[in-house]
Amino acid sequence: MPELSKKLERFTSILLAEATEETQRTLDALKQKHDAALSAAEDQVLQEAYDYIHAEVSRIRSEQGQKVSQRLMENKRALSRRREEIAQEVFAQVRARIAAFTETPAYAQRLAALLREALAALQGARDVVVTLREEDLPLADTLRSAVPAPFTVQAGPIRLGGLIASSASKNLRADASFDSAMAGLDGHFARVAGLSLSDDLSGPIPGKEA
């Protein structure tokens, strides 16, 4: 009888040990599934958060990019308007200074110097026609006295001053008018706009010798 009791105890002990091991395996398996499910849920939450943040960042960048582009365009338009205003102011001052210069005795000297340069460019032509402003026609005799060369004088479409010399026989034309110089300033203004306008205006009058 004691022997049977011992056997029952051993058998019971073995069964309990196996049951304990099985229970532990089951618990481990459940824990693994739980951990896996929790990790998947965490990954999903993190992915959703990342997608949301990424979408918001893209939206904000797009909105800010549009605002920056709009601001840049507004600044460019404002700069263009201001550049045009400055150009008009500069040209008005230059025209005023040229008009004042043409009323001085130095203007006749400048015309004579321009005529010498034009005749040199026309390479000794004998049929030179010199075009002046209507207001400058009285200076024709002064020019003939200062430049002893054959040429005829006529009035033409010059508004600011200077002269144009041409030769039909040589098919040459030398434009030394202040009008032409002013027209060249229009395309050149963008490159000189960054200079000091006060310095520029305090310099020599266009077409006047230093």
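Helices (H or I, at least four residues) and strands (E, at least two) are taken here as DSSP runs, numbered from the N terminus. By this criterion, the protein chain comprises five helices and four strands, and from the N terminus on its elements follow the order α-α-β-α-β-β-β-α-α. The structure is a predicted model, in which local features need pLDDT of at least 70 and side-chain atom pairs count only at pLDDT 80 or more, while totals for chains, interfaces and linings use all residues. Residues are numbered from 1 along each chain as its sequence is written, and side-chain values use heavy atoms, with hydrogens and water left out.

Burial was assigned by relative accessible area (buried, under 20%; exposed, over 50%; partly exposed, in between; 1.4 Å probe, protein chains only). Of the 210 residues in the protein chain, 22% are buried. Accessible areas were computed by the Shrake-Rupley method with a 1.4 Å probe, and for residues only the protein chains shown count as cover. The protein chain exposes about 14,800 Å², of which carbon and sulfur atoms supply 57%. Contact denotes heavy atoms within 4.5 Å. Among contacts in the protein chain with a separation of 6 or more, 68% are between residues 24 or more positions apart.

Strand pairing requires that DSSP find at least two bridges between two strands. Strand β3 (residues 162-167) pairs with strand β4 (residues 172-177) in the antiparallel sense over six bridges. Within this pairing, alanine 165 stands opposite alanine 174 in β4, and leucine 163 has alanine 176 as its bridge partner. The hairpin of β3 and β4 has four residues between the strands, and asparagine 171 takes a positive phi near 55 degrees there. Strand β1 (residues 128-132) is also joined to β3, by four bridges and in an antiparallel arrangement; valine 128 has serine 167 of β3 as its bridge partner.

Strand β3 is mostly covered, with five of its six residues buried. Leucine 163 lies in this strand and counts as buried because its relative accessible area is 0%. Not counting residues up to four places away in sequence, leucine 163 touches residues including Leu111, Leu114, Leu115, Ala118, Val130 and Ile158. Leucine 163 and serine 177 are 14 residues apart in sequence, and their C-alpha atoms are 4.6 Å apart in space.

Aromatic pairs were identified from the rings of Phe, Tyr and Trp (its six-membered ring) with centres within 6.5 Å; planes under 30 degrees apart count as stacked, over 60 as edge-to-face and the rest as tilted. The structure holds two such pairs. In one of them, phenylalanine 101 and tyrosine 107 are arranged edge-to-face, at 5.9 Å centre to centre and with 80 degrees between the planes. Both phenylalanine 101 and tyrosine 107 are buried. Ring pairs link Phe101, Tyr107 and Phe178 into a cluster.

On the surface, Tyr52, Ile53 and Val57 form a nonpolar patch with about 310 Å² of accessible area together. Patches consist of residues with over 30% relative accessible area and no salt bridge, with like charges joined within 9 Å and nonpolar side chains (Val, Leu, Ile, Met, Phe, Trp, Tyr) within 5 Å; a salt bridge is a side-chain nitrogen of Lys or Arg within 4 Å of a carboxyl oxygen of Asp or Glu. Valine 57 is located in helix α1 (residues 2-101) and counts as partly exposed because its relative accessibility is 35%.
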